[in-house]
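Let's take a walk through this fold together. Have a look at the sequence and the model, and then we'll go piece by piece.

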Amino acid sequence: MGLKEKIAAASERRYKVVDVPELGEVKLRSLKRSEFRRLAQSMTDDKGETILARQAKQEELFLALVIVDDQNNQTFSEDDVFAGVFDELHGGVMRILLDAARQHTGVFGGDGWQAVESAAKN
């Protein structure tokens with residue numbers, strides 16, 4: 001198998017079900033680099049200025065991309081995020097959910113996640 005075939009095989013979505021206190025089982029999907037890049041780019045406008053409303057919801061926007069239903073369809077939209085779907089979660093529950101999503105997607109809060117934060121700040 002050549003490198004192109006290996007990359008194509010590694011590009012298949014991965015799914016994982018995690019047990020989150022107070023929520024129960026939550027299904028997560030992996031993100032493609034292009035999806036994560038779009039999320040990072042969405043934090044700034046055409047002039048490169050931070051969109052404060054998006055920056056304030058960056059973690060929730062990330063979760064909306066990652067959480068899927070039993071048929072692997074995205075559960076939450078950006079509209080859901082801005083309507084406050086995650087606003088009432090306890091901090092500990094949110095942290096567990098974010099940590100699971102970051103680990104599954106490979107976005108650990110290191111360089112990848114900082115790319116979103118940097119885009120929002122610049």
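A crossing of two helices is called left-handed if the near helix is turned anticlockwise from the far one by less than a right angle, and right-handed if it is turned clockwise. Keep that in mind for helices α4 and α6, whose crossing is left-handed. Helices here are DSSP runs of H or I with at least four residues, strands are runs of E with at least two, and both are numbered from the N terminus.

Before going on, a word about the model: it is predicted, so local features need pLDDT of at least 70 and side-chain atom pairs count only at pLDDT 80 or more, while totals for chains, interfaces and linings use all residues. Residues are numbered from 1 along each chain as its sequence is written, and side-chain values use heavy atoms, with hydrogens and water left out. As for pLDDT (the predictor's confidence in each residue, from 0 to 100), the protein chain has a mean of 88, and 88% of its residues reach 70 or more. Over residues 118–122, though, pLDDT stays under 50.

Back to our helix pair. The axes of α4 (residues 58–66) and α6 (residues 91–105) come within 10 Å and cross at roughly 60°. Axes are lines fitted to C-alpha atoms, for helices over the stretch in contact, and angles run from 0 to 180 degrees between N-to-C directions. Under 35 degrees counts as roughly parallel, over 145 as roughly antiparallel, 65 to 115 as roughly perpendicular and the rest as oblique, so α4 and α6 are oblique to each other.

Now for the strands, which pair if DSSP finds at least two bridges between them. Six bridges join β1 (residues 15–20) to β2 (residues 24–29), and the two run antiparallel. V17 has K27 as its bridge partner in β2, and Y15 has R29. Three residues separate β1 and β2 in this hairpin, where E22 in the turn has a positive phi of about 75°.

Key
Contact means heavy atoms within 4.5 Å.
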